[in-house]
Amino acid sequence: MNSIVLEYRLYKNELSFEPLYHYTSLGLDEVLARRECEFFVKDGMTYKQRSSALEGDQYFLIYVDRYTEGPMDKHETSEIKVEIRTLDDRFDNPLLEAYYVDRHLDALAMLGSQYLYVAGKEYERDSAETDEDRGVYVIYVTPTGYELEEST
């Protein structure tokens, strides 16, 4: 069995792209979690996913556009962290909740959900990012106004 490869490519035009980052040591669950994210942050640059592809059995591609550049916030960690943030640029996307999960598959379960619940309130997923600089997945949500009923 061949090893899994993930490559991020910068989209230039329909016939041209530039390889940006190449990974050969990621598990399938992490590759799939990264593909679920619309944004990718590395070295202070935020990229927006344009599309993804699979070449052969194990060669995954994510095509991206440059989105924004900001200060680099580097944190080395071996833990898998998922942050849920309210989508609100005026207040720097406030943190609602942070979770530490055991596997990227657990993160994928959250990343792939349209609705998430925090403190009994329902939120709708807007987008997600892999922030490699901080070592975290971030899910951006907006409140739906729905609250879970307390069970007695």
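This talk goes through the strands, cores and pockets of one predicted model.

Some ground rules. The model is predicted, so local features are given only at pLDDT of at least 70 and side-chain atom pairs only at pLDDT 80 or more, while totals for chains, interfaces and linings use all residues. Residues are numbered from 1 along each chain as its sequence is written, and side-chain values use heavy atoms, with hydrogens and water left out.

I will begin with the strands. Helices (H or I, at least four residues) and strands (E, at least two) are DSSP runs, numbered from the N terminus. Two strands are said to pair if DSSP finds at least two bridges between them.

β3 and β4 pair in the antiparallel sense over 4 bridges. F40 has Y47, in β4, as its bridge partner. The hairpin of these two strands has 2 residues between them, and D43 takes a positive phi near 55° there. D43 is not a glycine, and it sits in the loop between β3 and β4. D43 counts as partly exposed because its relative accessibility is 39%.

Next, β4 and β5. They pair in the antiparallel sense as well, over 10 bridges. Two of the bridge partners in β5 can be named: D65 for K48, and I62 for S52. This hairpin has 3 residues between the strands, and G56 takes a positive phi near 70° in it.

β5 also has a parallel partner. Strand β1, residues 5-13, pairs with β5 in the parallel sense over 6 bridges. In that pairing, Y8 stands opposite I62 in β5.

Is M45 buried or exposed? At 12% relative accessibility, M45 counts as buried. Contact here means heavy atoms within 4.5 Å. Leaving out residues up to four places away in sequence, M45 touches F40, R66, T68 and E69. M45 and P71 are 26 residues apart in sequence, and their C-alpha atoms are 8.3 Å apart in space.

A119 lies in the loop between β8 and β9. Its phi is near 50°, a positive value in a residue other than glycine. A119 counts as exposed because its relative accessibility is 79%.

Now the cores. A nonpolar core is a set of buried Ala, Val, Leu, Ile, Met, Phe, Trp, Tyr and Cys residues joined through side-chain atoms within 4.5 Å. Which residues touch the most other members of the largest one? They are V82, L111, Y137 and I139, in a core of 17 residues. At least two residues of this core come from each of β6, α2 (104-111), β8 (115-118), β9 and β10. α2 gives the most, with 4 residues. A second, separate core has 14 residues, including L6, V31, F60 and V64.

To return to I139, its contacts beyond four places in sequence are V82, E83, I84, R85, M110, L111, L116, R125, S127 and A128.

Last, the pockets. Rolling a probe the size of a water molecule over the atoms shows where empty space is left. On a 1 Å grid over the protein atoms alone, using a 1.4 Å probe, a pocket is an open set of points with protein on both sides within 12 Å along at least five of seven lines, and lining residues have an atom within 4 Å of a point. Grid points are joined across faces, edges and corners, and a volume is the space filled by probe spheres set on the points.

The largest pocket holds about 690 Å³ of space. It is lined by 24 residues, of which V41, T46, N93, E129 and Y140 are the closest to its centre. β3, β4, β5 and β9 each supply at least two lining residues, and β9 gives the most, with 4. For classes, Ala, Val, Leu, Ile, Met, Phe, Trp, Tyr, Cys and Pro count as nonpolar, Asp, Glu, Lys and Arg as charged, and the others, Gly among them, as polar. This lining has 8 nonpolar, 6 polar and 10 charged residues.

The second largest pocket has about 360 Å³ of space. Of its 20 lining residues, E30, R34, T77, E132 and G135 lie nearest the centre. α1 (28-35), β6 (80-86), β9 and β10 (136-147) each supply at least two. By class, the lining divides into 5 nonpolar, 7 polar and 8 charged residues.

How values were computed:
Buried < 20%, exposed > 50% of the residue type's maximum accessible area, 1.4 Å probe, protein only.
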